Amino acid sequence: MMASSVANRLLLLLVAAVALTTPPVSAWRRPVRVTVYVQEYLGNGPETTEKLLVRGPGPANPSLWPPNNLFGDTLVMDDLVTESPDNTSAPVGRVYGTYMVSSMRRPVQVVSFTLLLTTGCYNGSTIVMGGIDDSSAVLEHAVIGGTGAFRGAQGHVVGKVVKAYSPTHVVMELDVYASVPVPWTQTEEAPASPLIIDH
């Protein structure tokens, strides 16, 4: 009984020591917040920026608009990204990616897309995102990586339609909430980790 009590106390002391010596996440990562607007041109017109790439084997999914979406339909996107919802506002990048009808009955599409920024200090940097689109008014996707200023990005993105110019031209607001590793150079000492013991 006494040995068990001593073991419990030692375990508590060890947990407390690790908690006290582990720096907060913000010591190793810095927050990133980006808000942009995606100009989506749908349909079959000359301005269309989202097109059917592969026709799925079916069956037809009755819950998606426009009608006649088949299970497995895969679309590709190349959408203009602007600094405000106004379609004449300054361009700041593009969104490239795909989405696939992934349910036979529910309004579910699996999406994978990359936001490429082309201006300012983020010029050439990308944020890679993925998840599902469904019939929700507000969509959430995972930030699963990035390049350039967003190398090692982690977090989430919230998307919602904020303007509809027509049934075939809508504007999606993307709010990115992420963090990236704090950079350090080889001349600096690497951040200490309580999980790595150097003998």
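**Entry 1: confidence**

Where pLDDT is low, the predicted coordinates should not be read in detail. I left that stretch there.

This is a predicted model, in which local features need pLDDT of at least 70, side-chain atom pairs count only at pLDDT 80 or more, and totals for chains, interfaces and linings use all residues. Residues are numbered from 1 along each chain as its sequence is written, and side-chain values use heavy atoms, with hydrogens and water left out.

I then took the whole protein. Its pLDDT averages 85, and 79% of the residues score at least 70.

**Entry 2: overall layout**

I listed the elements and got 1 helix and 11 strands. Helices (H or I, at least four residues) and strands (E, at least two) are DSSP runs, numbered from the N terminus. The order from the N terminus is α-β-β-β-β-β-β-β-β-β-β-β.

I looked up burial next. The protein has 199 residues, of which 33% count as buried. Buried means under 20% relative accessible area, exposed over 50%, and partly exposed in between (1.4 Å probe, protein chains only). I also checked the range of the contacts. Among those between residues at least 6 apart in sequence, 47% join residues at least 24 apart.

**Entry 3: the largest pocket**

I ran the pocket search on a 1 Å grid over the protein atoms alone. A pocket is an open set of points where a 1.4 Å probe fits, with protein on both sides within 12 Å along at least five of seven lines. Lining residues have an atom within 4 Å of a point.

The largest pocket has a volume of about 1,100 Å³. That volume is the space filled by probe spheres set on the points, with grid points joined across faces, edges and corners. I found 41 residues lining this pocket, and the closest to its centre are L42, E50, W65, Y99 and Q109. The elements that give two or more residues to the lining include β1 (29-41), β2 (50-54), β6 (91-101), β7 (109-117) and β11 (169-181).

By class, I noted 20 nonpolar, 12 polar and 9 charged lining residues. Ala, Val, Leu, Ile, Met, Phe, Trp, Tyr, Cys and Pro count as nonpolar, Asp, Glu, Lys and Arg as charged, and the others, Gly among them, as polar.

I followed up on Q109. Q109 lies in strand β7. Q109 has a relative accessible area of 15%, so it is buried. Beyond four places in sequence, Q109 contacts L64, Y99, M100, V101, S102, G131, I132 and D133.

**Entry 4: two residues of β11**

I picked E173, which sits in strand β11. E173 counts as buried because its relative accessibility is 12%. What joins the side chains of E173 and Y37? I found a polar contact of 2.9 Å. A polar contact is a pair of N or O atoms within 3.5 Å; within protein, one must be able to donate a hydrogen and the other to accept it, and residues adjacent in sequence count only if both atoms are side-chain atoms.

A178 is buried because its relative accessibility is 12%. Leaving out neighbours within four places, I listed its contacts as R30, P31, V32, V143, Q154 and G155. The C-alpha atoms of A178 and A153 are 6.2 Å apart, across 25 residues of chain.

**Entry 5: loops**

I looked at S89, in the loop between β5 and β6. Is S89 buried or exposed? S89 counts as buried because its relative accessibility is 13%. A polar atom of its side chain lies 3.2 Å from the backbone oxygen of S84 and 2.7 Å from the backbone oxygen of D86. Not counting residues up to four places away, S89 touches T82, E83 and S84.

I moved to the loop between β2 and β3 (60-61), which holds P59. The peptide bond from G58 to P59 is cis, with omega near 15°. P57 is in the loop between β2 and β3. P57 counts as exposed because its relative accessibility is 77%. Beyond four places, P57 contacts F71 and G72. The C-alpha atoms of P57 and F71 are separated by 6.4 Å.

Key:
pLDDT = per-residue confidence, 0-100. Contact = heavy atoms within 4.5 Å.
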